Amino acid sequence: MNISLSFWDLDFYKEQDYILLGGGIVGINAAIHLKKLQPNKKVLIIDDSWLGGGASSKNAGFVCYGSPTEILDDIENSNIILAAELIERRWEGSKKLLEMVPPNIMDFNKVGGTEVFEDGTKVSKDDIILLNTLMLDVTKIENYFQIGEQSISNSFHSKSVEMREEGRIDPKKMMNYLYQIAIGLGVHFLNDTIIEIIASENLINLKKYGQIKFGKCGVTLNGYINQVIQSSNVTPVRNVVLITEDIPDLRWDKVVHFNKGYVYFRKIGNKILLGGGRNIDFDAEYSSEVAINQKIHNYLLDFLYSKILKTTKVEVIHQYVGILGFGNDKIPRVKSYTDTIFIASGMGGMGVAIGSKVGLELAEHLVK
Ligand SMILES: Cc1cc2nc3c(=O)[nH]c(=O)nc-3n(C[C@H](O)[C@H](O)[C@H](O)COP(=O)(O)OP(=O)(O)OC[C@H]3O[C@@H](n4cnc5c(N)ncnc54)[C@H](O)[C@@H]3O)c2cc1C
């Protein structure tokens with residue numbers, strides 16, 4: 001008997017129609033749509049942190065559709081159909097996000113995106129024609145990718161590729177709003193650590209609460225899913241993020257991509273957020289351990305001081321680590337685990353763009 005829980009605690013949660021494991025952007029959207037589809041059903045989100053302590057509140061807040069070198073890499077490593085589908089998922093997902101959260105609430109700003117290069121654009125005119133054909137199919141926008149002149153720093157090549165539809169948000173404000181919507185609709189929350197799913201009995205085993213029975217369950221644990229379902233085929237990947245102090249004369253304001261999206265930076269007010277760099281030490285970064293990789297930290301510092309700023313007279317005031325989840329299939333989809341359990345984990349580096357749509361799709365699978 002668990003004497004730390006009251007009768008009321010036990011009674012409140014004991015049996016749920018739907019349980020979402022994980023309250024990041026995917027879990028919270030799924031819960032909202034479940035309540036909209038079936039208002040009388042009991043919907044519970046279980047998470048061991050508040051307001052999505054996973055990637056959903058640690059990301060860079062890019063609302064983006066893939067940088068040229070990233071899309072070309074997808075085409076080379078998979079095929080053009082997959083690359084087109086990925087663009088479409090991001091495009092449709094971003095539209096859903098903007099439907100779910102009013103742009104001003106999450107500080108959405110369509111500042112435009114740019115890919116910068118070290119020496120030469122590495123994207124040929126033929127590449128641009130190919131990328132624009134893909135983009136036109138999805139978005140109906142002509143000449144979406146355009147060769148431009150970058151003005152961020154003369155350490156980068158003068159030519160960049162510009163992507164005018166990209167933007168940025170404050171992810172914490174996004175999550176906060178989604179939580180308020182969910183609470184307003186009657187979604188319940190339980191702050192606990194999930195230990196295992198007993199699939200054959202539709203039970204969740206929790207560290208503090210004990211066991212809860214569900215009718216159906218959506219697993220949205222992203223990079224942490226292996227701690228609960230080992231056969232999920234989702235790999236955790238770590239990313240380091242640095243934030244500078246205020247820098248008075250930053251004249252650019254874009255979301256910036258470098259080297260297939262491995263490095264990214266943007267402004268937050270007058271500060272710079274710079275993250276990524278896992279390509280410097282791939283193997284070490286397949287990890288969900290919250291720790292700073294010194295090699296990557298040093299690489300990012302050097303990138304900041306020698307490439308973006310060309311001075312070391314700016315202080316880094318904060319750094320943190322976020323955990324992404326990458327599935328086998330680069331396109332995140334909802335998968336059935338059993339008749340009653342569905343997995344929507346492994347959003348890669350694009351959960352802001354696609355998480356709202358995947359959450360909706362998960363809800364639709366669960367109510368079937
Ligand atoms: C540093 C960084 C930068 C990024 N930048 C961008 C970007 O600019 N644009 C973009 O589109 N995407 C970006 N991403 C990716 C995006 O943030 C993710 O794809 C997205 O947030 C995933 O959402 P999710 O709901 O699937 O998972 P998460 O937000 O990770 O949610 C999983 C939840 O499960 C909970 N949990 C895990 N294990 C347990 C357990 N055992 N018990 C209880 N709870 C548990 C966690 O607390 C967490 O809240 C970035 C990610 C990182 C880390």
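Reply: Taking as near any residue with a heavy atom within 4 Å of the molecule, 37 residues surround the ligand, and the closest are Asp47, Ser56, Phe62, Ile194 and Val352. This is a predicted model, in which local features need pLDDT of at least 70 and side-chain atom pairs pLDDT 80 or more, while totals for chains, interfaces and linings use all residues. Residues are numbered from 1 along each chain as its sequence is written, and side-chain values use heavy atoms, without hydrogens and water.

Me: Between which domains does the ligand lie?
Reply: The bounds come from an automatic or database domain assignment. Residues of the shell are given by both parts, so the ligand lies between domain 1 (11–58 + 172–233 + 329–367) and domain 3 (235–326).

Me: Which residue has a backbone N or O atom 3.1 Å from a nitrogen atom of the ligand?
Reply: A polar contact here is a pair of N or O atoms within 3.5 Å. An oxygen atom of the ligand is 3.0 Å from a polar backbone atom of Ala55, and Gly348 places a backbone N or O atom 3.0 Å from a ligand oxygen. For the ligand nitrogen, the residue is Asp48.

Me: Is Phe303 buried or exposed?
Reply: Phe303 belongs to a cluster linked by ring pairs (centres within 6.5 Å) that also includes Trp252 and Tyr299. Buried means under 20% relative accessible area and exposed over 50%, with partly exposed in between (1.4 Å probe, protein chains only). At 1% relative accessibility, Phe303 is therefore buried.

Technical notes:
Polar contact = N/O pair within 3.5 Å; in protein donor to acceptor, adjacent residues only side chain to side chain. Phe/Tyr/Trp six-rings, centres within 6.5 Å; stacked < 30°, edge-to-face > 60°.
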